[in-house]
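Dear colleague,

Here is the structure for you to look through. My notes on what was found follow below it.

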Amino acid sequence: MKKKSKREQEYENRYRDNDPHLMQFEPPCQHKEGRFRCCSIPINALCKAKRTLFANPNKKQQDMRLSFLLDVNSPKRQIRRKKIPVCARFFRKLFSIGQIRVNTISKGIASGKGVIDKRGGDHKVGKFEARRKEVVKFISKLKGTESHYNRSKSQRLYLSSDLSVNKLFKMYSYPEKE
Ligand SMILES: [Zn+2]
């Protein structure tokens, strides 16, 4: 196996769990019931959450996982997804992450662009965004027909019923043939 460079080693240490069994963990709050239930979560569940997050010492993968755990939206959704709501302080301390990293991830989620790693420079995100714009442009060029129902009320336009997703994709991929 290839020996890891000092830089790689340092990077891994940075994104490794230094306290997987929570031996040094002191909850920063006393939330037990109500809006946040930080201190009612069994320790093995907390350890499991940490194990999952730190499975790979890779910032981008961890940010992705964190983004699933973070809820930027209403607390109602947390309940539906069977997550136990914890306060921000507890969350940061448990996963030993700073406010800036949480903010960056939250911003990514809120903007719909997902998690972007500025250091590595993720070109896929940029490419995807360009592609998305192209598709929107393509769709907006198609002629819509009005709904058969509630014609007077509805503002929506409907695509001709003989257009399938497959057909649209072909039209989009080879516009010159149409
Ligand atoms: Zn708390």
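**Notes on the model**

Please keep in mind that this is a predicted model. Of contacts in the chain between residues at least 6 apart in sequence, 58% join residues at least 24 apart. The chain has 8 helices and 2 strands, and along the sequence they come in the pattern α-α-α-α-α-α-α-β-β-α. Buried residues account for 7% of the 178 residues.

Helix H6 covers residues 99–111. After H6 comes Gly-112, with a positive phi near 80°.

Two packed helices are described by the angle between their axes and the distance between the axes. For helix H3 (residues 59–69) and H6, the axes come within 10 Å and cross at roughly 65°. Angles of 65 to 115 degrees count as roughly perpendicular, so H3 is placed roughly perpendicular to H6. The crossing of the two helices, H3 and H6, is right-handed.

Which residues in H3 and H6 meet? On the H3 side they are Asp-63, Leu-66 and Ser-67, and on the H6 side Ile-105, Gly-108 and Ile-109. Sorted by class, this contact of H3 with H6 has 3 nonpolar, 2 polar and 1 charged residues.

Most residues other than glycine have a negative phi. Two residues to look at with this in mind are Leu-22 and Ser-96.

Leu-22 is not a glycine, yet its phi is positive, near 55°. The residue sits in the loop between helix H1 (6–14) and helix H2 (43–53). Is Leu-22 buried, exposed or partly exposed? Leu-22 counts as partly exposed because 15 C-beta neighbours lie inside 10 Å, and the partly exposed class falls between the limit of 12 or fewer for exposed and that of 20 or more for buried.

Ser-96 also has a positive phi, of about 40°, and is not a glycine. Its place is the loop between helix H5 (88–94) and H6. Ser-96 has 12 other C-beta atoms within 10 Å and is therefore exposed.

Regards

Key: Residues are numbered from 1 along each chain as its sequence is written. This is a predicted model: local features need pLDDT of at least 70, side-chain atom pairs count only at pLDDT 80 or more; totals for chains, interfaces and linings use all residues. Helices (H or I, at least four residues) and strands (E, at least two) are DSSP runs, numbered from the N terminus. Two residues are in contact if their C-beta atoms, placed from the backbone, lie within 7 Å. The expected span of a helix is 1.5 Å times one less than its number of residues. Axes are lines fitted to C-alpha atoms, for helices over the stretch in contact, and angles run from 0 to 180 degrees between N-to-C directions. Angles under 35 degrees count as roughly parallel, over 145 as roughly antiparallel, 65 to 115 as roughly perpendicular and the rest as oblique. A crossing is left-handed if the near helix is turned anticlockwise from the far one by less than a right angle, and right-handed if clockwise. Ala, Val, Leu, Ile, Met, Phe, Trp, Tyr, Cys and Pro count as nonpolar, Asp, Glu, Lys and Arg as charged, and the others, Gly among them, as polar.
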